[in-house]
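Subject: Structure for your review

Dear colleague,

Please find below the structure that I am handing over to you.

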Amino acid sequence: MVSEEVLRTHLQELRRGTVVVASLVALHRPDYGYALLQRLAAHGFAVDANTLYPLLRRLEDQGLLTSEWNTEESRPRKFYRTSDDGEAVLNRLLDDMTAVRTSVTDLIEGAER
């Protein structure tokens, strides 16, 4: 029997890349970090804040997200949105995810190439 730790490690690796895709999709609509955490969790992406906030900063540094501060509320919040470059990268990632899914399905079903 495979240990829970081994399984957890592989699940973490699988989800690591999908969180980038999920964040770029979710941030078509501007949102701040905590709300994004909640929205991702509601859709099955349980992400730790210590993972998400550095990811948001990295995606912003790469030009895949834009951000602006909303200071109209009592607590200032930084809102993120997927940039045009982020949309282009997202489309490529989604294409690749589709190709990977097709390949894995073919393997499961025993399709010959």
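In what follows, angles under 35 degrees count as roughly parallel, over 145 as roughly antiparallel, 65 to 115 as roughly perpendicular and the rest as oblique. Axes are lines fitted to C-alpha atoms, for helices over the stretch in contact, and angles run from 0 to 180 degrees between N-to-C directions. Helices (H or I, at least four residues) and strands (E, at least two) are DSSP runs, numbered from the N terminus.

This is a predicted model, in which local features need pLDDT of at least 70 and side-chain atom pairs count only at pLDDT 80 or more, while totals for chains, interfaces and linings use all residues. Residues are numbered from 1 along each chain as its sequence is written, and side-chain values use heavy atoms, with hydrogens and water left out.

Packing around helix 1

Two packed helices are described by the angle between their axes and the distance between the axes. For helix 1 (residues 4-26) and helix 3 (residues 49-61), the axes come within 11 Å and cross at roughly 70°. Helix 1 and helix 3 are therefore roughly perpendicular to each other. Their crossing is right-handed; a crossing is left-handed if the near helix is turned anticlockwise from the far one by less than a right angle, and right-handed if clockwise. Helix 1 contributes Val19, Val20, Ser23 and Leu24 to the contact, and helix 3 contributes Leu52, Leu55, Arg58 and Leu59 (contact means heavy atoms within 4.5 Å). These residues divide into 6 nonpolar, 1 polar and 1 charged. Here Ala, Val, Leu, Ile, Met, Phe, Trp, Tyr, Cys and Pro count as nonpolar, Asp, Glu, Lys and Arg as charged, and the others, Gly among them, as polar.

The axes of helix 1 and helix 2 come within 11 Å and cross at roughly 115°. That makes helix 1 roughly perpendicular to helix 2, and the crossing is right-handed. In this pair, Ala22, Ser23 and Ala26 of helix 1 meet Leu36, Arg39 and Leu40 of helix 2. By class, the residues of this contact are 4 nonpolar, 1 polar and 1 charged.

Helix 1 also packs with helix 4, at an angle of about 130° and with the axes 10 Å apart. Helix 1 and helix 4 are therefore oblique to each other, and their crossing is left-handed. From helix 1, Thr18, Val20, Val21, Leu24 and Val25 meet Gly86, Leu90, Leu93, Leu94 and Met97 in helix 4. This contact has 8 nonpolar residues, 2 polar and no charged.

Helix 2

The buried residues of helix 2 (residues 33-42) are Gly33, Ala35, Leu36, Leu37, Arg39 and Leu40. Buried means under 20% relative accessible area, exposed over 50%, partly exposed in between (1.4 Å probe, protein chains only). The buried residues of helix 2 pack against helix 1, strand 1 (31-32), helix 3 and strand 3. Just after helix 2, Gly44 takes a positive phi of about 90°.

Tyr80 is in strand 3 and is buried, with a relative accessible area of 7%. Leaving aside neighbours within four places in sequence, the contacts of Tyr80 include Leu27, Pro30, Leu56 and Leu65.

Arg77 is also found in strand 3, but is partly exposed, with a relative accessible area of 23%. Not counting residues up to four places away in sequence, Arg77 touches Tyr32, Glu68, Trp69 and Asn70. The side chain of Arg77 makes a polar contact with the side chain of Glu73 (3.4 Å). A polar contact is a pair of N or O atoms within 3.5 Å; within protein, one must be able to donate a hydrogen and the other to accept it, and residues adjacent in sequence count only if both atoms are side-chain atoms.

Ser83 lies in the loop between strand 3 (77-82) and helix 4 (84-109). Ser83 is buried, with a relative accessible area of 9%. A polar atom of the Ser83 side chain lies 3.0 Å from the backbone nitrogen of Gly86. Leaving aside neighbours within four places in sequence, Ser83 is in contact with Gly63, Leu64, Leu65 and Thr66.

Thr71, in the loop between strand 2 (65-70) and strand 3, is exposed, with a relative accessible area of 59%.

Yours sincerely,

A colleague
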